Amino acid sequence: MTANIAWVSDGEQAKPRRRRGRRRGRRPAGSPAPAAEQTSAAPAPSAEPAPPNAPVTPGAGPAGRRRPRSRRRSPDRMRTVHETSAGGLVIDGLDGPPEGQLAALIGRVDRRGRMLWSLPKGHIEQGETAEQTAIREVAEETGIEGKVLASLGSIDYWFVAEDRRVHKTVHHYLMQFAGGELSDSDREVAQVAWVPLTELGSRLAYADERRLAKVADELITLLQSDGPAALPPLPRSTPRRRPQTHSRSRNHRPDDSTRGRTNGYGPPQ
């Protein structure tokens, strides 16, 4: 028998076929299975059950491959925000004896219906310094004008509002009464009043503000003995560049039932 030999040129020589990265036991859709596979119907190696004593990897699939972990955060996780406010302790009668000195306080009704007395304060708005905010907030919440003399210090605390954890920092200043009349026209203020400086320790609702009142006593004594030049210089304060969130305070008045009072005295009108 004569063998048929096909001659090809060097440029037409057959090149070795590249092996495709095809997994064993898988075929393109629509291709018929080889005869051996059709008759034996052997399962793919990846589908074979694991031995009884084989180690189990948590989160692994049937072939031992690790499943990707979910990156979704828990929906119960609260977002934390930081807020900054400023306020002041306004004193009338700084040139007189201690028993004649008065401090302007504001009263807010808490959720239990209690009247809580505190210092006027509010959020630092965009473009304001802490001193400017203290002057503005005192005027808005009490109706009087104050002049910043010295820093009393800062306090900070945490509370939850509107499904957020809020870290608030409040800068306080010693201020001198410069004019105006007490008024509770601000909707978040239930009462305003002049309180003797000697009664601040028992009238202020928060311990942090009571400590600030003690600092004010020391500064007033220094002011009367050595003059304004003896007061410590004000800390540097730059205008705020970005707006900030305005969460409802934990002492926010729930309704307007206490509006209409004049100078913090008398029943609601």
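I will go from the overall layout to the nonpolar cores and then to the salt bridges.

Before that, some ground rules: this is a predicted model, in which local features need pLDDT of at least 70 and side-chain atom pairs count only at pLDDT 80 or more, while totals for chains, interfaces and linings use all residues. Residues are numbered from 1 along each chain as its sequence is written, and side-chain values use heavy atoms, with hydrogens and water left out.

Let me begin with the layout. The protein chain has 4 helices and 7 strands, where helices (H or I, at least four residues) and strands (E, at least two) are DSSP runs numbered from the N terminus. Read from that end, the elements follow the order α-β-β-β-β-α-β-β-β-α-α. Of the 269 residues in the chain, 33% are buried; buried means under 20% relative accessible area, exposed means over 50%, and partly exposed lies in between, with a 1.4 Å probe and protein chains only. If we take the contacts (heavy atoms within 4.5 Å) between residues at least 6 apart in sequence, 70% of them join residues at least 24 apart.

Now to the interior. In soluble globular proteins, nonpolar side chains tend to be buried together. A nonpolar core here is a set of buried Ala, Val, Leu, Ile, Met, Phe, Trp, Tyr and Cys residues joined through side-chain atoms within 4.5 Å. Which residues touch the most other members of the largest core? In this core of 30 residues, they are Leu89, Ile91, Leu105, Leu152, Leu174 and Leu200. The elements that give two or more residues to this core include strand E1 (79-92), strand E2 (102-109) and helix H4 (207-226), but the largest share, 7 residues, comes from E5.

Two of these residues deserve a longer look. Ile91, leaving aside its neighbours within four places in sequence, is in contact with residues including Leu102, Leu174, Phe177 and Ile220. Apart from this core lies another, of 15 residues, among them Val90, Ala104, Ile124 and Tyr173. Leu105, found in strand E2, counts as buried because its relative accessibility is 0%. Not counting residues up to four places away in sequence, Leu105 touches Trp117, Leu119, Val192 and Leu200, among others. The C-alpha atoms of Leu105 and Leu119 are separated by 5.3 Å, although the two residues are 14 apart along the chain.

Finally, the charged pairs. Side chains of opposite charge can pair when their charged atoms come close. A search of the whole structure finds 11 salt bridges, each being a side-chain nitrogen of Lys or Arg within 4 Å of a carboxyl oxygen of Asp or Glu. Arg108 is buried at 9% relative accessibility, whereas Glu188, at 26%, is partly exposed.

In another pair, Asp110 and Arg114, the closest N and O atoms are 2.7 Å apart. Arg211 and Asp208 also meet in a salt bridge (2.0 Å, N to O), and both lie in helix H4, 3 residues apart, about one turn of the helix. To finish, Glu128, Arg136, Glu137 and Glu140 are linked in a network of salt bridges.
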